[in-house]
Amino acid sequence: MPALLSAPVPLRAVLGTQWGDEGKGKVVDLLGENVDIVARYQGGANAGHTVEFDGDKFILHLIPTGILRPHIHCVLGNGMVIHPDSFLKEVAVLEKKGLEVLSRLHISPGAHLILDYHQQLEKCCEESAGDERIGTTGRGIGPAYADKASRVGIRVGDLFHERILKTRVRENTVIKNRWFKSVYQQNEVSEQSILNALQSFRDRIGPCVDDTTWFLHQSLQSGKNILIESAQGTLLDIDFGTYPFVTSSNTTLGGMATGLGFGIRKLNQVVGVVKAYTTRVGNGPFPTELIDDTGERLRKTGEEYGATTGRPRRCGWFDALVARYSVMLNGIDSLAVTKMDVLDDLDEIPVCIAYRIHGREVTRFPADVNLLPDVEPVYEILPGWKRSLLGITKWNQLPHPARRYLKRIEELTGATIGLVSVGPSRKATIWVE
Ligand code: GDP
Ligand code: IMO
Ligand code: MG
């Protein structure tokens with residue numbers, strides 16, 4: 001039996017099991033009550049994690065959600081990509097709300113920087129791809145990780161070595177400007193303005209830069225509890241997701257080992273956040289997508305608009321193949337099911353239990369994602385509960401059909417449900433004991 005979600009454990013990870021926006025922000029915030037440190041291991045400001053409490057609403061992009069609880073220290077790991085201006089803007093928003101931020105942040109010198117030329121390059125690539133575009137968040141994520149893999153990226157630690165920084169910025173601007181000029185007919189970027197921006201960023205974050213791997217290991221050894229916050233979702237993972245319609249990092253559990261410097265055997269619990277239905281922003285296959293009035297109804301009721309870009313999210317039914325695949329890939333032992341309240345009014349709720357591919361029925365998510373556009377979902381129909389779940393805080397107060405729906409999710413995924421969310425606020429939560 002996995003530990004209860006309400007019980008503290010030394011090292012717990014929270015990750016998304018679908019295409020992102022599962023409600024990770026809310027779940028990390030809830031679990032933050034018993035932790036000392038919250039750490040992010042991948043991604044950048046493409047994330048949008050929403051937390052609501054006491055009538056206030058926060059959306060975190062780069063800074064771990066734990067920052068909202070004043071006792072928590074937060075780590076931005078080496079696997080992340082940080083855009084200086086977005087970072088400073090986010091700090092300013094939080095400070096304006098009265099939160100002390102910089103003194104609680106630990107930034108890895110190994111994290112890569114996203115510079116304006118990455119965002120400009122991404123825009124050019126997306127525009128020239130036409131109908132084939134990925135539909136990215138436009139935050140420069142892909143080009144920054146491409147530079148990392150090409151070994152030409154600029155890292156947080158480089159900011160403190162003047163000569164290295166200047167050389168790297170020069171080499172990058174020369175190459176990128178060739179692209180802008182000859183391939184994309186765009187304005188060139190200025191080496192000096194990049195350096196100026198980086199120098200003022202360095203002056204602000206200097207005291208936050210830390211050996212984060214050492215800090216995390218030492219903290220764990222001295223009895224502190226750590227929560228690891230993932231961004232995006234399993235199906236957006238660069239290896240296991242719906243490539244090429246994915247993000248550019250490993251969102252799955254392995255990314256944590258390389259993005260923070262932990263052996264995954266240190267983990268005590270892996271929590272998968274799963275929406276009671278499915279959404280996706282951007283392009284790419286989505287077998288259970290509803291492109292009819294029902295999809296529109298889910299979008300309206302669930303307020304499914306991107307927390308980062310404001311784009312309408314594509315909506316569809318719960319896909320058990322996707323969720324089971326995520327449970328397997330990440331070794332998830334506990335599920336947090338969110339947005340159950342969005343299904344309150346439905347008479348019947350279809351759940352996808354198999355795919356029909358070229359006349360054959362399969363119950364396993366296909367390794368060959370090129371098959372996905374041809375997939376026809378096979379549904380099992382479950383009865384709706386036709387009443388509001390608002391105010392329910394105990395499992396046995398849930399109407400019978402809601403319990404049946406949740407139990408079916410457990411059967412189909414093989415993971416135990418530890419928490420059910422029935423509204424955006426902290427209070428709208430059922431801890432399953
Ligand atoms: P994340 O990226 O996984 O953190 O998720 P987002 O914040 O992008 O999107 C989830 C949205 O659903 C946010 O607006 C949350 O406030 C909201 N939310 C979370 N849990 C629930 C829930 O149980 N019910 C409802 N109605 N909204 C929820
Ligand atoms: P959170 O952490 C949902 C999607 C984009 C696009 C693809 C690649 O809030 O769950 P990118 O900008 O990363 O190169 O875009 O990934 N995407 C997300 N979708 N939630 C997110 O983050 C996402 N981050 C990226 O829409 O399809
Ligand atoms: Mg989000």
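**Exercise 1.** How far is an oxygen atom of ligand 2 from an N or O atom in the side chain of T247? Work out the surroundings of ligand 2 too.

*Solution.* A quick word on the set-up: this is a predicted model, where local features need pLDDT of at least 70, side-chain atom pairs count only at pLDDT 80 or more, and totals for chains, interfaces and linings use all residues. Residues are numbered from 1 along each chain as its sequence is written, chains are lettered from A and ligands numbered from 1 in the order in which they are written, and side-chain values use heavy atoms, with hydrogens and water left out.

- Step 1: the T247 distance is 2.6 Å.
- Step 2: look for backbone partners. Polar backbone atoms of D21 and Q232 each sit 2.8 Å from an oxygen atom of ligand 2.
- Step 3: check the cover. On its own, ligand 2 exposes 550 Å², and the protein buries 98% of that (Shrake-Rupley areas, 1.4 Å probe).
- Step 4: collect the shell, meaning residues with a heavy atom within 4 Å. There are 21 residues, with D21, K24, H49, T137 and T247 the closest.
- Step 5: sort that shell by class, and you get eight nonpolar, ten polar and three charged residues.

**Exercise 2.** Which residues come nearest to ligand 1, and which elements supply its shell?

*Solution.* 

- Step 1: of the 19 residues around ligand 1, the nearest are K24, G25, T50, D341 and S421.
- Step 2: go through the oxygen distances. The side chain of S421 has an N or O atom 2.5 Å from a ligand 1 oxygen, that of T50 has one at 2.6 Å, and G25 brings a polar backbone atom at 2.8 Å.
- Step 3: the protein covers 93% of the 580 Å² of accessible area that ligand 1 has on its own.
- Step 4: helix α1 (24–31) and strand β3 (49–53) each give at least two residues to the shell. Both are DSSP runs (helices H or I, at least four residues; strands E, at least two).
- Step 5: the class count is four nonpolar, seven polar and eight charged.

**Exercise 3.** Which residues of α5 are buried, and which are exposed on the face turned away?

*Solution.* 

- Step 1: buried (under 20% relative accessible area) are L165, V169, N172, T173, K176, N177 and F180.
- Step 2: these buried residues fall within an arc of 140 degrees seen down the axis of α5, so they line one face of the helix. The arc uses directions from the helix axis to the C-beta atoms.
- Step 3: the face turned away carries R163, R178 and S182, which are exposed (over 50%).

Notes:
Polar contact = N/O pair within 3.5 Å; in protein donor to acceptor, adjacent residues only side chain to side chain. Nonpolar A, V, L, I, M, F, W, Y, C, P; charged D, E, K, R; others polar. Buried < 20%, exposed > 50% of the residue type's maximum accessible area, 1.4 Å probe, protein only.
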